[in-house]
Structure formats: structure tokens, C-alpha cells
Amino acid sequence: MNHWLAIGGMMLLTVLIRASFLVFGQRLAFPDWLNRALHYVPAAVLSALVVPMALAPAGTVDISLHNAYLPGIIVAALVAWKSGKTLLAIVISFVVYGVWRWGLGL
Amino acid sequence: MTHALKRRTLLLEGARDTVPMLVGAAPFGVIFGTLAIAAGLSPATALGMSVLVFAGSSQFIGVSLIGAGTALPVLWLTTFVVNLRHALYSATLLPYARDWPLRWRWPLAFWLTDETFAVVEHRFRTKGTDGGQWYWLASSLAMYGNWLFWTMVGVSLGQSLPGLANLGLDFAMGATFAAIVAPQLKRRPALGAALAASAVAMLARGLPYKLDLMLAAVVGVATGLLLEQWHKGKEQTA
């Protein structure tokens, strides 16, 4: 197989999907319901990325003291929710995660 | 503030806000590099894939398909399916970027990843888009440079480091996503969207080609929209 041909095709498809709306959708006027629907994309996508990482970091559900992802991510979410400060939430969650994972000897 | 100074601030902020994502992506860059060599790619094609495709998940799947000698149409169809979620990101960011010239929209589209989408969308929603293309550019370039660097490290190692995947560095990405998403959930429909998407993501997490993520996104967005309609209906009848 020609690897460069394979990569060229992958590149073309990837960039066209990413450019779909940003480059070619300039003149598109979305109907109102679609505009409102797009507001929920970040909440839906980010939750769908985070929740499986917290509950099943290795693929199978792990709700135990050995799973440092769970307390770490809960703390990140709670601090951000309460304070609205993203960076603060991330830093505190790193500490919780690090201590839980390497400090407690669980 | 002068124009140049403001631009520098925006670039710095875009890069700074992306730092946790860089940490999270690093091990995957190394693993990709080693996998690509193991799958029979030359160092030049392995690095070339990171330079030209720049999409972690499809690169992983791509090299394993190439290694298995899969026919090109199958490889390309798989790439298409794995990357479909980026069309959602592209549509979500369009309202902010609609009036920017093409010389901005093309490169920013090329560099659009899950991570940069999360960081940039958050910024624009909370702080507006003033000078936003510089912020977005910095986030993109940081992700790109980071990915190329760690791919190169993986390629030159040529064999996987035991335990690299289990170091837990991906937590940095998860924590950032969580911190970005949590404050959005104060509105009932957004909370519903997140809960529905999470449930689908948990149930569908065995699905190949990132279809779990796409399915979760669609169900989540539909739930949010329905709850919004329902709330409005209640207000009108009340």
C-alpha cells in the first residue's frame, strides 16, 4: 500500500469535515431550532468525554478507592461550578488526583 | 492597550489555557509514534501523518488499519466516521467566525481538535470573540507543536515505553473538560443534555470509531432542545 496516498486521503477527509461549516457554511442561515441546538453541543460532548473517564478510566466501571480519576474529576467540576474559575478548579483537582493516586498508598 | 500588545496577550492566553490539554495529549503522541513504526510506517510517513492529518483518534485507527493491510476505501471511510464529530464543532464555532476572512477560517479549521474546541468555545461564550482569532490560533499552534514533538519522540523511541499509557496524564484533559463544562450546567436544559449524553456515552462506550461520542452528542443535544421547549411551554401556560 502506498502510505503517502493513504495519508493524503485521510488528510483531505479530515480537513473537509473540519472546514465543513467554518469554511463552506458562511452563507448558511441555520434555522432557529438548529442555532439553539448547537448551544448544547459543548455540554453534551464534554460530558460524554469526561463521565466515562471518571467512572471507567480503564474501560470497565470502577467505583472504588483505587480510581483516582473519580474524586479528581468530581473536585474539578465542583470547584468550577462554585467559583467559576477554570484554572483554580484544574489546579486543585490535580492536587486531589495526585495525592489520591500516589500519596495515599491505596 | 496597543494593538500589538493586545495581540500578544491574546496569544499568551490561548496557549496558557491549552496547557493542561498539552499534558493530556503528550502520552498519546508518543504512543502514536511507536505504534506507527510498529505498524510498518517509515519515520517520515509516521511524522507526515501527524503533520498532515493531525487527528489523534483517526491516526491511531489509521496506522492499525494500514498495518493490517486494509484497503484504502475502508481506511478512508473509517477516517470519515471517526472524524464526523468535528462537523459538530465546526457548526458550533461558525457563528463566532462567520465574518472572518478565509485565510483565518481555513487554517483554524485544519487545526480543529476536541481540545481546542473545548478551550475556544468556552472562551468565546464567557468572554466574547474580540481578537478571538489570535487566541484560537495560539491554542491550535500549541496543540499542533505539542503533537508533532511527541510524535517525533515516539518515532525515535521506536518501541513503546511500558506503562506510559497508565501514567494517568490523560487526567489533565478530563479535569479541564470537567472544569469547563460544570458551570454551564446551572441551566436545567444544559444539565439534561449533559446527563443524557453521559448516560449514552457510558452505555455505548464499547462502540468502535468514536461512534459512542457522536451518539452521545446527538442524544444530549436533542434532550437539551426538548427540555428547553418544554420549559418554554410551561412558562407560557403559567
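This text goes through the fold of chain A and then the interface of chain A with chain B, in a predicted model.

Chain A holds 5 helices and 0 strands, and its elements follow one another from the N terminus as α-α-α-α-α. With a radius of gyration of 20 Å, chain A lies well over the 13 Å that the globule rule gives for 106 residues, so the chain is more spread out than a compact globule. A box laid along the principal axes to hold the C-alpha atoms of chain A has sides of roughly 55 × 45 × 25 Å.

Chain A meets chain B through 62 residues of its own, and chain B contributes 86 residues to the contact. About 6,700 Å² is buried between the two chains, and carbon and sulfur atoms give 76% of this area.

Polar and charged pairing across the interface can be counted separately. There are 22 residue pairs in polar contact between chain B and chain A, counting pairs with both residues at pLDDT 80 or more. On the side of chain B that touches chain A, the residues divide into 53 nonpolar, 24 polar and 9 charged. The rule finds 1 salt bridge across the interface of chain B and chain A. Glu228(B) forms a salt bridge with Arg36(A), with 2.9 Å between the closest N and O atoms.

Conventions:
Residues are numbered from 1 along each chain as its sequence is written. Chains are lettered from A and ligands numbered from 1 in the order in which they are written. This is a predicted model: local features need pLDDT of at least 70, side-chain atom pairs count only at pLDDT 80 or more; totals for chains, interfaces and linings use all residues. Side-chain values use heavy atoms; hydrogens and water are left out. Contact means heavy atoms within 4.5 Å. Buried area is the accessible area (1.4 Å probe) that two parts lose on being put together, summed over both. A salt bridge is a side-chain nitrogen of Lys or Arg within 4 Å of a carboxyl oxygen of Asp or Glu. A polar contact is a pair of N or O atoms within 3.5 Å; within protein, one must be able to donate a hydrogen and the other to accept it, and residues adjacent in sequence count only if both atoms are side-chain atoms. Ala, Val, Leu, Ile, Met, Phe, Trp, Tyr, Cys and Pro count as nonpolar, Asp, Glu, Lys and Arg as charged, and the others, Gly among them, as polar. Helices (H or I, at least four residues) and strands (E, at least two) are DSSP runs, numbered from the N terminus. The radius of gyration is taken over C-alpha atoms; the globule rule is 2.2 Å times the number of residues to the power 0.38.
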